[in-house]
Amino acid sequence: MFIFALRRLFAAIPVFLVATFAIFWGTSEIVDPTDRLATCQTCSQAAYDRIIDLYELDKNVPLRYASWLGDFVTGDMGAATSQGERPVSEIFWERGRNTMLLALPAFFLLMGLGAATGIYSALRQYSKGDYAITSISYLGLAMPTFFFGLLLQVVFAIWVPKYLGVKPFWASGMHLESPLQFIRSVTLPVITLMFVLLAGDSRFIRASVLDIKSADYIRTARAKGVSERKVISKHLFRNAMIPAVTVWSLDAAALFGGSLITETIFSWPGFGRLAIEALQAGDLDLLMSISFAIIVLVIMFNLLADILYGVIDPRIRYD
Amino acid sequence: MIRDNKLARLLALVFAFALIAAACSSDGGDDTSAEAPEETTADGEEEEAPAETTTTEPPAPDEEGSSGGTLIWAHEQEPPDMHLDDPNNGLSITSWLRSPLIEGLYGISGATEYYPELLAEEAVVNQNEDGTVSIDYVLRDGLMWSDGTPLTANDVLYTHNIITEGCAVEDDGSIVDGGAAEGEDSTCVYFTGGYVGIELVTAFTVNSDTEFTVEMASFFAGFKALYSDVYAAHAYGDDADAVNTNLAEWANADGVLPSSGPMIFDSWDRGVALNMVRNDNYHGSNSPDARNDGVAFVDGVQVNFVADTDTQINSLKAGEAHIVMTQPQLAFGERLSSDENFTVNSSAGPVYEHWGLNVLNVHLQDPLVREALAYGMDKNEVMTGLYTPLFGDSLPAEGLGNTMWMSNQGPYVDHQAMYDGRNSEAALANLEAAGYSDSGDGIYEHPERGRLTLRVGTTGGNALRELQQQIIQAQLADSGFEIEIDNVDGGAYFGEVPFSEEALAAAGSGGAEGDPTIWDITQFAWVGGPWPGGGSAAGLTGNGNNPYGHSNPDYDALAPECDATVDDAERAACYNELDLFRTTLEKGDTGLFMIPLTQKPSYYGYLSSVLSGAGVAPDAQGAGPLTNVVDFQFK
């Protein structure tokens with residue numbers, strides 16, 4: 001397994017290089033850091049020269065990329081001009097931690113609820129519960145994230161306090177003053193993040209379980225007199241999890257890479273909001289570091305999924 | 001079973017509708033807002049009543065009101081640092097955050113006039129026989145920094161020195177870093193600040209703790225803009241590099257920088273909030289707009305960085321914020337002004353929107369065509385249809401008619417009064433006189449210049465601007481113009497279109513270099529103020545702030561003359577004359593390259609159900625909602 005993981009990591013290097021170059025090239029085409037000075041009435045040429053020096057804008061894109069890559073692999077992530085020229089590395093970990101605070105509970109809830117609702121729906125196909133879960137799933141699939149997030153704000157931060165006299169959750173902001181305040185501030189964004197993904201995951205797992213439910217080996221197990229609980233936990237659940245792992249690996253990369261919309265709506269200072277701020281400010285070093293993180297997350301979770309396939313199903317070999 | 005399934009489906013459907021209904025009515029959180037009044041027009045059509053917009057003064061501090069509490073302001077933008085002159089900064093939010101922290105010799109009142117802020121009285125200007133001037137200043141008694149150190153004339157001298165020492169001054173007055181090579185410490189405080197005029201200072205003499213004299217090589221009308229922030233000699237840094245570092249973080253090795261304003265910087269949790277606390281050593285506000293001349297009523301201010309406009313409104317409604325101030329957007333006017341818990345307040349600001357004409361364009365190079373455009377536009381209709389419902393009568397109903405003086409300033413004259421209302425006949429007569437004729441579909445064409453199609457561009461995504469473009473587009477269609485809207489999203493518009501390298505090269509060379517076809521008409525805002533001379537660069541030949549291609553030696557000669565005019569009334573008249581070059585054809589065929597549309601209102605929503613006193617009304621200097629922070633008071 002170790003050799004397999006190592007081989008996959010090496011194979012990821014060209015993917016990483018191609019992806020980062022594509023992002024660097026694309027970003028350089030659409031972002032001009034000197035734009036911020038366009039209407040500055042008192043900016044001298046020196047102000048432009050400073051930005052040109054900082055980003056080496058007088059060189060072509062491949063040379064600039066090579067320079068960025070050289071700095072990056074030696075640990076120099078650059079300075080974030082949109083953040084008072086603080087080291088990107090410092091901001092990177094700070095905002096990464098904030099995204100983790102949001103993504104971790106969302107991810108574990110997503111896995112738990114996705115599996116629970118998907119399996120329940122499949123095992124109780126065409127029951128009231130199945131219809132209810134199906135309806136809510138369709139609602140989740142159809143509802144844009146920004147709409148759902150704002151809806152939660154209105155219901156739980158405006159209407160509930162107004163009509164019930166208690167305010168259970170914050171409408172926006174990250175509150176770390178106490179564990180209770182953290183829960184009050186993280187709940188609505190976690191629900192928002194989770195709800196849209198949960199709808200898809202639940203449907204996917206339901207379909208997977210339904211497929212396996214009618215498989216020959218399940219019928220054989222039942223015919224052998226294996227208890228229903230054992231059939232579900234040992235045979236059905238385990239095999240249904242193989243496709244689910246694929247979906248969760250994609251979910252994990254999306255969640256841990258930061259959510260542009262959810263973080264913006266709930267004023268959560270994570271990677272997603274940072275990416276928008278960096279893009280608006282033409283902060284190339286910061287943008288590239290965030291892109292790097294997302295690429296690494298996608299590669300890492302895909303690798304993890306490949307390893308997990310083998311753990312779940314020993315027939316899968318790492319040849 | 002079938003019945004059960006139907007029941008489940010029905011419940012799901014009802015639930016879905018309930019959610020959608022809840023979201024759609026999110027702006028009508030209470031009964032009163034649901035009963036917004038409607039009026040019926042004379043021809044029987046229903047139209048929404050103008051939103052109730054307060055343009056009068058906000059509630060005065062209530063003697064019965066309480067002291068204490070933290071004022072929370074939700075705002076979408078977060079500055080990169082607190083150093084306004086950092087080339088990566090220069091953002092309005094930075095100056096808004098600094099305004100309650102630090103004061104200058106002069107402040108700017110709600111009437112967009114200078115008032116002595118740290119000064120006891122107006123400075124006395126003495127003109128010497130050799131053309132030099134000496135300006136005598138007297139500071140107020142009892143001025144103090146928040147750490148208890150007296151604020152004296154030496155602090156002003158320190159500020160002067162720290163701005164200029166180690167810096168080189170360019171011909172246009174901008175300061176450049178005279179000695180720093182790449183990778184080395186800066187030798188002067190960052191070089192983008194508005195220090196125009198400081199190069200004229202030849203001597204600075206401190207006469208006592210409260211009196212000092214500044215000698216200038218010649219009179220400079222913008223002298224009151226100098227030293228608009230006075231730094232503390234004992235705390236802001238011993239050299240330029242230290243000052244740059246300290247200003248960026250608003251802290252030195254000993255802690256936060258001391259304040260001369262009513263608040264002290266406290267902490268900054270990046271991406272979340274910036275906190276200030278009350279300065280109990282504050283010497284009191286000298287602003288004619290402030291009602292409280294003591295320390296602030298509130299214990300502190302928290303600025304929450306809330307990026308989304310809808311979330312800002314929800315934060316207000318959820319009681320998580322007390323004030324919002326933003327670009328005047330439709331969402332705010334529509335969703336907040338009808339709610340009795342909020343007061344939406346606006347006032348005429350120093351920023352004005354305009355249509356700038358590229359005089360190198362094949363059609364617009366003809367003054368008759370430019371005048372036809374002015375005739376064909378009806379600013380009144382734009383105001384009535386778009387601005388007045390949101391901002392009340394804080395802006396002139398006929399739109400703006402001057403680019404040097406704003407409508408709320410004394411010397412303001414509407415130079416475009418002759419173009420008021422839509423005069424399609426005059427517009428078409430102009431076009432015909434210029435050789436144009438109807439191409440058959442109402443759009444005119446010229447035998448050599450072709451069809452009269454012009455592109456107008458701005459920063460896309462701003463609903464108010466885009467609606468304004470559409471209204472004017474429809475108006476001009478009646479006057480033979482085909483206007484195509486050609487926006488670029490966000491701030492990239494400036495660097496890619498009117499201020500692009502190619503466009504500026506064309507504007508500076510009369511079209512000999514660069515590319516004069518990049519744009520035809522641009523819409524954006526310039527910032528005015530009590531000293532309008534700073535904006536005259538927009539018409540100077542070859543100036544980087546003149547993308548229009550305007551060139552007139554008389555204008556170039558008059559602009560510095562205005563700035564050198566000592567007499568206030570004469571100088572005001574001079575700026576008005578300068579404006580005639582820009583907004584009319586009175587001064588020759590090169591004129592009328594700017595069509596001012598309206599001042600941008602400063603626009604606030606605040607929770608009047610919680611605040612008994614608010615300092616948000618007069619903000620003509622664009623200093624933000626904290627400009628009179630001493631007046632905010634909770635009920």
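Where in chain B is the place of B:Q416? Hi everyone, let's start there. B:Q416 is in the loop between α9 (379-391) and α10 (424-433) of chain B. Helices here are DSSP runs of H or I with at least four residues, strands are runs of E with at least two, and both are numbered from the N terminus.

A quick word on the model before we go on. It is a predicted model, where local features need pLDDT of at least 70 and side-chain atom pairs count only at pLDDT 80 or more, while totals for chains, interfaces and linings use all residues. Residues are numbered from 1 along each chain as its sequence is written, chains are lettered from A and ligands numbered from 1 in the order written, and side-chain values use heavy atoms, with hydrogens and water left out.

How confident is the predictor? pLDDT is its confidence in each residue, from 0 to 100. Chain B averages 82, and 81% of the residues score at least 70. For the model, ipTM is 0.84 and pTM is 0.79.

B:Q416 counts as buried because its relative accessibility is 1%; buried means under 20% relative accessible area, exposed over 50%, and partly exposed in between, with a 1.4 Å probe and protein chains only. Leaving aside residues up to four places away in sequence, B:Q416 touches several residues, including B:K379, B:L400, B:T583 and B:P596. A contact means heavy atoms within 4.5 Å.

Now follow the chain into α10(B). Its buried residues are B:S424, B:A426, B:A427, B:N430 and B:L431. They lie on the same side of α10(B), because they cover an arc of only 165 degrees around the axis; that arc is taken from the directions from the helix axis to the C-beta atoms. These buried residues pack against α8 (367-376) and β20 (444-446) of chain B. On the face turned away from the buried side, you'll find the exposed B:E425 and B:A433. Just after α10(B), B:G435 takes a positive phi of about 95 degrees.

Last stop, a sheet. In chain B, 4 strands form an open antiparallel sheet in the order β6-β7-β11-β10; two strands pair if DSSP finds at least two bridges between them. The edge strands are β6 (124-127) and β10 (201-206) of chain B. Between β6(B) and β7 (residues 133-138) of chain B there are 4 bridges, and B:Q127 stands opposite B:V133 in β7(B).

How values were computed: pLDDT = per-residue confidence, 0-100.
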